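Thank you all for coming. I would like to walk you through one structure this morning, starting from a single spot and then widening the view, so please have a look at it first.

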Amino acid sequence: MSEAVIEPTGGAGVVHDWSRDKQVFGVPWGKAMMWIFLLSDTFIFSCFLVGYMMVRISTTDPWPNPSEVFGLTVMGQSVPLLLIAIMTFVLITSSGTMALAVNMGYRKDRKKTFWLMLATAVLGATFVGMQAFEWTKLILEGVRPWENPFGAAQFGSSFFMITGFHGMHVSAGVIYLLIVAFRVRNGFYEKRGGNYEIVEIAGLYWHFVDLVWVFIFAFFYLW
Amino acid sequence: MGYVAIADRDHDIEHHDPDTFITKYIWSQDHKVIAIQYGITAIFVGVIALILSAMMRLQLGFPDTFSFITPENYYQFVTMHGMIMVIYLLTALFLGGFGNYLIPLMCGSRDMVFPYMNMLSFWVYLLSVIILLASFFVPGGSTGAGWTLYPPQAIMQGTPGTDWGIILMLASLGVFIIAFTMGGLNYVTTVLQARCRGMTLMRMPLSVWGIFIATVLGLLAFPALLVSAIMMLLDKTLMTSFFMPAISSFGQDPGYTGGSPILFQHLFWFFGHPEVYIVALPAFGIVSDLLSTHARKNIFGYRMMVWAIIAIGGLSFIVWAHHMYVSGMNPYFGFFFATTTLIIAVPTALKVYNWVLTLWEGNIHLRVPMLFAIGFIFTFIHGGLTGLFLGNVTIDLPLSDTYFVVAHFHMVMGVSPVLVVFGAIYHWWPKITGKMYNETLGKWHFWMTFLGTYAIYLPMHYLGFQGVPRRYFAMGNTDFMPASAQDLNAWITLSALFVAFTQILFFINVFWSLKSGKKADPNPWDATTLEWQTPDTPPKHGNWGHDLPECHRWAYDYSVPGYPDDFIPQNVPPEDAPAGRQHGVPEH
């Protein structure tokens, strides 16, 4: 077209910007796809949490007090939610190392990126390990998906289902991070134009998994 | 991501075309081959579901005649028919089939953005189909819980298939959702990020818009089904009580306590209602393109059509509980959901008006795809109007669980989308195969199917008003039902068998065309959209040969005054054809 293009303003301008040539977002395909996937995954976890809230309301038996169930006895003193607090701290810390890894990735500092991603993966694996410890402890105390000695059966059901599903996400994330980390170290991405966007894409997933944990922590352990 | 994506790579990168039979046709990463794989699989299970419906009709039309249909079988047929038709046929065919084929071609891309994941999507879908069909052969047979799988009955003794059938059904759904997610992420990302130069969103053909929004709905709605499937699987296998209240089964206590069956209904329909539009929106989009092309007229109100698709998609998430008026939920919910349901009629009616106005004074060519598209307008208006009855709480209560409901949803999301599926297959057949189909056979197929469906479903509305309940194996001697109801049932059965056998015409046409059909013109309908402008027919791997196309105008430049042809393809630059519209949005 030869005539001058007049950019529309207001609501029409929003539509114009969104529907612009070739692509909507100025990001690589992988990153766009990860965002859309995370949106979908958000709906999965929301459904899990809403389902948990609903059965917590519908059950006729009393709901156990999470502070007591998840307490640890340290040196003869019962500390409520101690393990969960440590787990949450570990996972949030791993978000920090991940963010640093993304930064180092964009600086093309392969060595630091690798070590930071490895640290993130180790922290993630630590989280999963502590979760396994927590599961073992509860199972030894008699908590099962179908019953538990503290009250409503749905307590055990929701606990194992939601933390299990989240733990699977963390485990998958650890594997994902390790694959990317070793590829960074081996120069895999140098052959592809030295593009380290993949570190950020893995980071998006990792931060999402952490964020989900904050909601599980708030709704399951603190409520 | 261990592969080089090719969706918009230009000629400077060397092509690695698949050269062996296996990489070309079996483990193919080409969106067109994947689309055909999806299509064949979906139609195959669709035929199974069609046979199941014929068996159900045999029992209803002629009770006590067929000893091989037991009450258990009947419920299994009902369940599998519904589940296959809605999910494994229509969802897979519209999104996996047409979505895969049309999105890259219509957007001017070389392929989907992640071809490898796209291939995985099909193979995982095939796995879900195999798991589903395996449930016919396990001890106890497939589940007979009804396609909605409502607990507690879905997993309690007394319902057919509670041993293994329900487990395989839930597992199959979970696998299907994984397959859909892998495909769906591809479709959405391709539409958003990998269109050709000049292809703005507001120049996209409505087919792509419909498939795109439907995929977004799927990505946000299937999570609810996944979660409810996981929870019910746990209820069944680990004796958790998410959906199971304290309940007595044959005088025994199965050990459940304190769960909420209504929770399942909410989760299920939070998926289930958007699912209706996952099936309907691609049909809306495709039918718009068929009508416009074969009426040689631009689509009436393109911009409003786009907004209507988006509005319907958004509204579809806040109407789910209109399936639950009789579930005993809070009556105020009924008020809210009836209101939102009736609001959805506004953008939907807008679309219907625009289709009719597109036909108005058009140069209508009554070819086979056009016949199916116009047939769709009839059946869709018909099913949509009965939807208004059922959307109102007070009218829904007496009609709930009668044949009126069966007639309604078969008209609106059974017959209507299937007519569009056929129309679309006939329309794109020359592009997909490079051969023409037999026009006469196609017309016979249309008229017998279209009139046949009315012979089936019109009497069903009447049966529903009479209060004939659905999902009954046999009606028995019931006082409120006139004896003529049984005669009508026999008539419906005969019509259903007629329509079922009519579909053989379609398959004859397919095989005839593949074997001895006339070689197709690259653009037999004189259509404007990009898929008809490919250098090869059928398009080769990479779709566009050396150079990617460039889009210069919206998709509906038909019968533009002052231009010699009655259509201007989207890739014709304005220098060659100054007439026509450059944008779907009016010029400022």
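Let me begin with A:Thr59, which sits in the loop that runs between helix H2 (29–58) and helix H3 (66–69) of chain A. Please keep in mind throughout that what we are looking at is a predicted model. Is A:Thr59 buried or exposed? Its relative accessibility is 9%, and because the cut-off for a buried residue is under 20%, A:Thr59 counts as buried. If we leave aside residues up to four places away in sequence, A:Thr59 touches A:Ala152 and A:Gln154, and also B:Gly258, which takes us over to the other chain.

So let us turn to the place where the two chains meet. Here 50 residues of chain B are in contact with 44 residues of chain A. The size of an interface is often given as the accessible area lost when the parts come together. For chain B and chain A that figure is about 4100 Å², and 72% of it lies on carbon and sulfur atoms.

Which helices of chain B each bring at least two residues to the side that touches chain A? They are helix H5 (165–193), helix H6 (206–237) and helix H7 (261–294), and the largest share, nine residues, comes from H6(B). Sorted by class, this side of chain B holds 32 nonpolar residues, 15 polar ones and three charged ones.

As for specific pairings across the interface, the rule finds zero salt bridges between chain B and chain A, whereas the count of residue pairs in polar contact, with both residues at pLDDT 80 or more, is 12.

Finally, let me step back to chain B as a whole.

Of the 588 residues in chain B, 63% are buried. And if we take the contacts within chain B between residues at least 6 apart in sequence, 79% of them join residues at least 24 apart.

Notes:
Residues numbered from 1 in each chain as written. Chains lettered and ligands numbered in written order. Predicted model: local features only at pLDDT ≥ 70, side-chain atom pairs only at ≥ 80, totals over all residues. Heavy atoms only, no water. Contact = heavy atoms within 4.5 Å. Buried area = accessible area lost by both parts, 1.4 Å probe. Salt bridge = Lys/Arg side-chain N within 4 Å of Asp/Glu carboxyl O. Polar contact = N/O pair within 3.5 Å; in protein donor to acceptor, adjacent residues only side chain to side chain. Helix = DSSP H or I, 4+ residues; strand = E, 2+ residues; numbered from the N terminus. Nonpolar A, V, L, I, M, F, W, Y, C, P; charged D, E, K, R; others polar. Buried < 20%, exposed > 50% of the residue type's maximum accessible area, 1.4 Å probe, protein only.
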